[in-house]
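Q: Before we go through this model, can you show me how to read its features one at a time? Please take the general idea first and the case second.

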Amino acid sequence: MDTTAKQSPAPATEKPSGAAYRNLVMATIGFALTFWAWNLIAPMSADYKGRLGLSSFQQSLLVAVPVLVGSLGRIPVGALTDKYGARLMFPLISALTIVPVLLLIPAKDSYGAMLAVGFLLGLGGTTFAIGIPLVNSWFPPADRGLALGVFGMGMGGVALSGYFTPRIAEHGDNLPFLVVAGALVVYAALAAVLVNDRPGRQVPTDTLAHRLGAAGRLRVTWELSALYAIGFGGIVAFGVYLPTYLKTWYELSPTDAGTKAAGFALVTVIFRPIGGWLSDRMHPALVSSAALGVAALMAIVQAFDPKLMPGGTIALLIMAAGLGTASGSVFALVSQVTPQAKVGSVTGIVGAMGGLGGFVPPLVMGAIYSSKGSYSIGFMLLSDLALAGCVYAYGRMRNIQRDA
């Protein structure tokens with residue numbers, strides 16, 4: 001039984017409208033701001049470690065909690081976006097994220113309070129599951145990969161946070177949280193006016209549980225989830241843990257470590273739309289395979305602890321390019337093989353798995369360093385996962401045909 005309202009599919013030759021580009025810009029800005037909020041703790045984690053007397057594992061857990069909650073939260077938020085649309089969900093989630101951002105101010109002197117606020121801060125990481133179905137609905141198939149890649153550049157909020165948060169904090173401990181909260185207030189107000197769902201979009205009429213169950217029964221949902229857990233999970237993991245790694249292993253100052261981590265994140269941002277653009281011209285599984293292969297090779301190089309200049313910097317930046325390209329190409333594949341009415345639900349599950357892929361590595365890296373005094377094992381595990389994704393994307397996913 002069909003449980004969705006009918007709409008006529010847009011022809012593949014249709015050109016994107018002005019409204020499509022307006023929604024793309026608004027979605028990308030919202031994604032970037034909420035990702036900045038989502039990542040507020042990581043650039044300051046060294047300060048929290050010293051102030052609260054945390055172990056490496058406790059520090060890693062503090063950084064990882066928002067990642068976990070934001071990842072799992074994408075599942076219901078994606079399904080709710082299918083039902084109620086991005087016009088409601090984008091300003092709503094952006095406004096709600098202001099609360100935990102401001103709560104970071106009174107919580108900063110208590111580890112338990114910081115964990116609790118970090119749990120709430122995970123809300124900022126769910127907007128990914130709002131923007132993907134919004135952008136996907138506005139753009140025709142021929143332009144969808146690039147458009148989704150451009151939206152994915154909003155993950156540059158991690159780079160913004162890594163670069164600006166510690167610098168703003170130099171002028172006042174509470175100033176970064178006030179600045180981000182103010183930006184979210186402005187964005188939520190603008191999004192309420194400027195974000196629009198595509199007219200005639202398919203609106204599910206069945207229950208949330210039924211929609212999630214239907215998306216979960218699709219084999220491709222879990223195949224895409226595995227690939228995205230490697231690609232985007234690697235980006236999130238390095239986004240939140242790279243400052244700690246650079247400060248601990250290469251003995252950089254918090255500001256220098258944050259700057260270099262922001263450079264890593266910036267490269268992933270640049271290469272995400274490149275992955276989408278390439279996927280508009282060849283099968284995205286081939287793009288994903290090649291990109292993950294490059295990331296695996298660079299992880300092996302970094303496992304041998306090269307000097308930061310130039311070897312380590314080159315390896316980390318090329319790894320960032322590979323992971324960014326893969327994250328763009330995987331969602332180009334999502335848009336091709338998923339029915340429009342299920343894009344939000346599938347995106348929620350795939351996005352959640354990608355975020356969970358970023359939750360585990362910081363904990364593993366922190367535990368390994370605490371136990372062995374080295375990060376090499378962690379990088380070798382990353383290379384193994386990336387190589388497995390490379391082989392699977394080429395051997396299985398390239399046989400999934402492009403849609404019309």
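A: Start with a salt bridge, which here is a side-chain nitrogen of Lys or Arg within 4 Å of a carboxyl oxygen of Asp or Glu. In this predicted model, the side chains of D109 and R51 meet that rule, with an N to O distance of 3.8 Å. The pair links distant parts of the chain, 58 residues apart: D109 lies in the loop between α4 and α5, and R51 in helix α2.

Q: How many salt bridges does the rule give in total?

A: The count comes to two. The other joins the side chains of D47 and R51, at 3.1 Å from N to O. D47 and R51 are four residues apart in helix α2 (residues 45-52), so about one helical turn separates them.

Q: Which residues do the shared partners join into one network?

A: Salt bridges that share partners put D47, R51 and D109 in one network. R51 takes part in the bridge with D47 and in the bridge with D109.

Q: Are D109, D47 and R51 buried, partly exposed or exposed?

A: The cut-offs are under 20% relative accessible area for buried and over 50% for exposed, with partly exposed in between. D109 has 55%, so D109 is exposed. D47 has 36% and is therefore partly exposed. R51, at 33% relative accessibility, is also partly exposed.

Q: What describes two packed helices?

A: Two packed helices are described by the angle between their axes and the distance between the axes. In this model, helix α3 (residues 56-84) packs with helix α6 (residues 128-138) at an angle of about 35 degrees, and their axes are 8 Å apart. The crossing of α3 and α6 is right-handed.

Q: Which residues of α3 and α6 meet?

A: From α3 come R74, V77, G78 and T81. In α6 they meet F128, A129, I130 and P133.

Q: Where does the largest share of the nonpolar patch come from?

A: Helix α4 (residues 86-107) supplies the largest share, three residues. L96 has its place in this helix. The relative accessibility of L96 is 41%, so L96 counts as partly exposed.

Note on methods
Residues are numbered from 1 along each chain as its sequence is written. This is a predicted model: local features need pLDDT of at least 70, side-chain atom pairs count only at pLDDT 80 or more; totals for chains, interfaces and linings use all residues. Side-chain values use heavy atoms; hydrogens and water are left out. Helices (H or I, at least four residues) and strands (E, at least two) are DSSP runs, numbered from the N terminus. Buried means under 20% relative accessible area, exposed over 50%, partly exposed in between (1.4 Å probe, protein chains only). Axes are lines fitted to C-alpha atoms, for helices over the stretch in contact, and angles run from 0 to 180 degrees between N-to-C directions. A crossing is left-handed if the near helix is turned anticlockwise from the far one by less than a right angle, and right-handed if clockwise. Contact means heavy atoms within 4.5 Å.
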